[in-house]
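Welcome! Here is a short briefing on the charged side chains in this structure and how they pair up. Have a look at the sequence and model first, then read on.

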Amino acid sequence: MNETMVTLVGNVATQVEWRESATGGAARFRLAVTARRFDREKQSWVDGATSFYTVWAARALGMNLTGSVAIGEPLVVHGRLKVRDEERKDGPRRFSADVDAVAIGHDMSRGTTAFRRVFKGEAGPVERAGAQGAEGGPAPGREPTASQASQLISANSVPAVVWESATSTASAPAPMGVWAGALEEGGSGGGGLVER
């Protein structure tokens, strides 16, 4: 099937809404994309027209999105473009653009972010931490559990990334960039990449 795949860079314009359904649920929000161009007469950058897209994210992507994105944040969205054409009885024809997202992430050219891996059985719509959460504190009105408290990260103290299997039998940490499963007897196993 021929599909139009697009990558959009813009800012979140509305709160992310989660909708439960028989197929597993989906999240949606509006993304504002503003073109910028250099005006030679003024010798400065000027904003062009702003386009708004409704972004849909299904299942796990949508669940993770609900706890990760807030209004005004810069995002990169990759997905299938769908243009809808609606004839209205009371007015002119209306066009709207939707994107069925395949991948969504923060625009790292405009700031930093912290990634937290979600394991099977852990996923679910979550509440996003506010300004306090950005610095590693709990969401307003919510104290972290003991397991969550150990995962809080300050923007000033980002730890080294360690991906290891819970069943790894390696007695010593693997050197940087070494597959942890390779250190197990026979070189096979369910290990993960270890970076320090």
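**Salt bridges at a glance**

Asp 98 is buried, with a relative accessible area of 9%. Keep in mind that this is a predicted model.

**Between strands 5 and 6**

- Asp 98 pairs with Arg 84 in a salt bridge, and their closest N and O atoms are 3.2 Å apart.
- Because Asp 98 lies in strand 6 and Arg 84 in strand 5, this pair ties together parts that are 14 residues apart in sequence.
- Another salt bridge joins the side chains of Asp 100 and Lys 82, at 3.0 Å from N to O.
- Here, too, distant parts of the chain are linked: Asp 100 sits in strand 6 (residues 94-106) and Lys 82 in strand 5 (residues 74-86), 18 residues apart.
- Asp 100 is partly exposed, with a relative accessible area of 22%, and Lys 82 counts as partly exposed at 43%.

**Between strands 2 and 3**

- Arg 28 forms a salt bridge with Glu 17, with 3.5 Å between the closest N and O atoms.
- This pair links distant parts of the chain, 11 residues apart: Arg 28 belongs to strand 3 (residues 26-39) and Glu 17 to strand 2 (residues 17-19).
- Arg 28 is partly exposed at 24% relative accessible area, and Glu 17 is partly exposed at 34%.

**A network**

- Salt bridges link Glu 17, Arg 19 and Arg 28 in a network.

Technical notes. Residues numbered from 1 in each chain as written. Predicted model: local features only at pLDDT ≥ 70, side-chain atom pairs only at ≥ 80, totals over all residues. Heavy atoms only, no water. Salt bridge = Lys/Arg side-chain N within 4 Å of Asp/Glu carboxyl O. Helix = DSSP H or I, 4+ residues; strand = E, 2+ residues; numbered from the N terminus. Buried < 20%, exposed > 50% of the residue type's maximum accessible area, 1.4 Å probe, protein only.
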